[in-house]
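Please look over the sequence and the model shown here.

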Amino acid sequence: MTPTSNLVVTALGLLNYWVYIFLLCVGLYAVLVKGNYVKRMIGLGIFQSAVFLLYISMDKVDGGTGPIFQGEPVAGQIFSNPLPQVLILTAIVVGIAVTALGLALAIRIKEEYGSIEEADTQRMDREA
Amino acid sequence: MTFLGFFTLAFVAISAVLAVTSRNLFESSVWLGIFSLMMAANFFILDAPDVAITEAAVGAGVSTVLFLGALALTAEHEHVKEKFRWLPVVVMSVLGVVLLVVSFEQPLLGDYTAPVHQHVAPWYLSETPRLIDIPNIVTAILASFRGYDTLGEVIVVFTAGIGVISVLGFRPKSKSTLRGSSLAQRVRGVQHHAVLRVVGKLLIPVLMLFALVVQFHGKYTPGGGFSAGALFAAAVMLYGILEGADKSAKALPQLVMLRLAALGATIYSGVGLVAFFKGGNFLNYSVLVTDPLAGQYLGILLIEFGVGLTVTAVLIMIFNAIANRDSY
């Protein structure tokens, strides 16, 4: 194998990790920098999905298929790893429930302060 | 790494950036929905069909509806332009660089010699046919081997539902106490779009039927209580959007949803307790009936039903609470 093709194989094999790192940074940026509470929930969702991607990328096995038996077991059949899938399957649903709770809090903040910007709510807290 | 995988990953990255940078929150939410849909496609390419169904139903469907509902009650635009601050950017860059350096130590995608494939995963793959005997290994682990964890997750979902109800109140406030009109009344606007209403209504029974297939056929094909619950709730949300959320709240009142959510969690732990009193461990379905495999089958059927019930009820409850709230 030539060095160049070796490099391409490595790059493609690590691409999922790099996308995961990128999404993690984008999500973190939104949570840390953005002052809008709904925008922060969006950032948190992206951050969460980045972790989902990391776990699901782990389960892949070359030449494998989804971990479901079809009819009689076939000799030499390779399945992808079911464990990360179980973790993430439940985490997705818990994630939406937590997002909904965050949005409910944002709605209440809007009703009390008339704004969902952190700068506004903090200013009102100082003045109060 | 296929071309399709490359394409979906690129789309995931682009839509994430657009979701964060767009100053219009409505646009942001729609980009987040597209992000989730592409992520679901990517999960499918990575051989995780169960996760893909759940992400598509929850991320692209339910989550987008909840975000749009919340936006209608808060604000459509980001008003304050944030000042540039060094600390968050430094924290983010350090995290990114550290993870990037570490990534070169990681096994390549699809490498079967990776440590994660050496530990307990082969045991689950080889022993599931003998101990549980259902074709979908993900469902077998989720519902039986790791039944404790799943019970915990169901309780978390239930608690989050209770949390939303405690924050937003059990019944929508009457119009006299708050200005404006309720979201449900404004969403009535869809009723004037004949094409949307007719096509949307056609989708509702199909969605519900698909949810039932995913629920009860989840032992043989991708699916299970979590994805089925999200799909069923999505069907009810579609009804609420087309006909007005006040009607969906009338058809499925909050109190009934709350009780159904509690019932689902009770069914789950009840099955565990029955197993306990029949002489097995908590949530060991093998002792439910004389034949251990039949016991596993029955136990998984019942607890998946409990999971589906709780997830459906909690998501509908959250939708009703947000969509029927008077706007500020």
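What volume does the largest cavity have? The largest cavity has a volume of about 190 Å³. A cavity here is a set of points, on a 1 Å grid over the protein atoms alone, where a 1.4 Å probe fits but cannot get out, while a pocket is an open set with protein on both sides within 12 Å along at least five of seven lines; lining residues have an atom within 4 Å of a point. Grid points are joined across faces, edges and corners, and a volume is the space filled by probe spheres set on the points.

This is a predicted model, in which local features need pLDDT of at least 70 and side-chain atom pairs count only at pLDDT 80 or more, whereas totals for chains, interfaces and linings use all residues. Residues are numbered from 1 along each chain as its sequence is written, chains are lettered from A and ligands numbered from 1 in the order in which they are written, and side-chain values use heavy atoms, with hydrogens and water left out.

Chain B has 13 helices and 0 strands. Helices (H or I, at least four residues) and strands (E, at least two) are DSSP runs, numbered from the N terminus. Along the principal axes, the C-alpha atoms of chain B fill a box of roughly 60 × 50 × 40 Å. Of the 328 residues in chain B, 49% are buried; buried means under 20% relative accessible area, exposed over 50%, and partly exposed in between, with a 1.4 Å probe and protein chains only. Contact means heavy atoms within 4.5 Å. Among contacts in chain B between residues at least 6 apart in sequence, 73% join residues at least 24 apart.

Next come two helix pairs. Two packed helices are described by the angle between their axes and the distance between the axes. Axes are lines fitted to C-alpha atoms, for helices over the stretch in contact, and angles run from 0 to 180 degrees between N-to-C directions. Angles under 35 degrees count as roughly parallel, over 145 as roughly antiparallel, 65 to 115 as roughly perpendicular and the rest as oblique.

The first pair joins the two chains. Helix 1 (residues 3-33) of chain A packs against helix 1 (residues 3-21) of chain B at an angle of about 10°, with the axes 10 Å apart. Helix 1 of chain A and helix 1 of chain B are therefore roughly parallel to each other. Residues making the contact include L12(A), L15(A), N16(A) and V19(A) from helix 1 of chain A, and F6(B), L9(B) and V12(B) from helix 1 of chain B. By class, this contact has 15 nonpolar, 1 polar and no charged residues. Ala, Val, Leu, Ile, Met, Phe, Trp, Tyr, Cys and Pro count as nonpolar, Asp, Glu, Lys and Arg as charged, and the others, Gly among them, as polar. Helix 1 of chain B also holds A10(B), which counts as partly exposed because its relative accessibility is 34%.

The other pair lies within chain B. Helix 5 and helix 6 of chain B pack at an angle of about 75°, with their axes 10 Å apart, so helix 5 and helix 6 of chain B are roughly perpendicular to each other. W123(B), Y124(B), L125(B), T128(B) and L131(B) of helix 5 meet I137(B), A140(B), I141(B) and F145(B) of helix 6. The residues of this contact divide into 8 nonpolar, 1 polar and no charged. I137(B) and A10(B) are 127 residues apart in sequence and 30 Å apart in space, C-alpha to C-alpha.

The loop between helix 5 (121-131) and helix 6 (137-145) of chain B holds D133(B). Phi of D133(B) is near 60°, a positive value in a residue other than glycine. D133(B) counts as partly exposed because its relative accessibility is 48%. D47(B), in the loop between helix 2 (25-45) and helix 3 (49-73) of chain B, has a phi near 65°, again positive in a residue other than glycine. At 11% relative accessibility, D47(B) counts as buried.

The structure holds 3 cavities of 30 Å³ or more. The largest cavity is lined by 18 residues, and G45(A), Q48(A), S49(A), S36(B) and S63(B) lie nearest its centre. Helix 2 of chain A gives the largest share of this lining, 6 residues. The lining of the largest cavity divides into 9 nonpolar, 8 polar and 1 charged.
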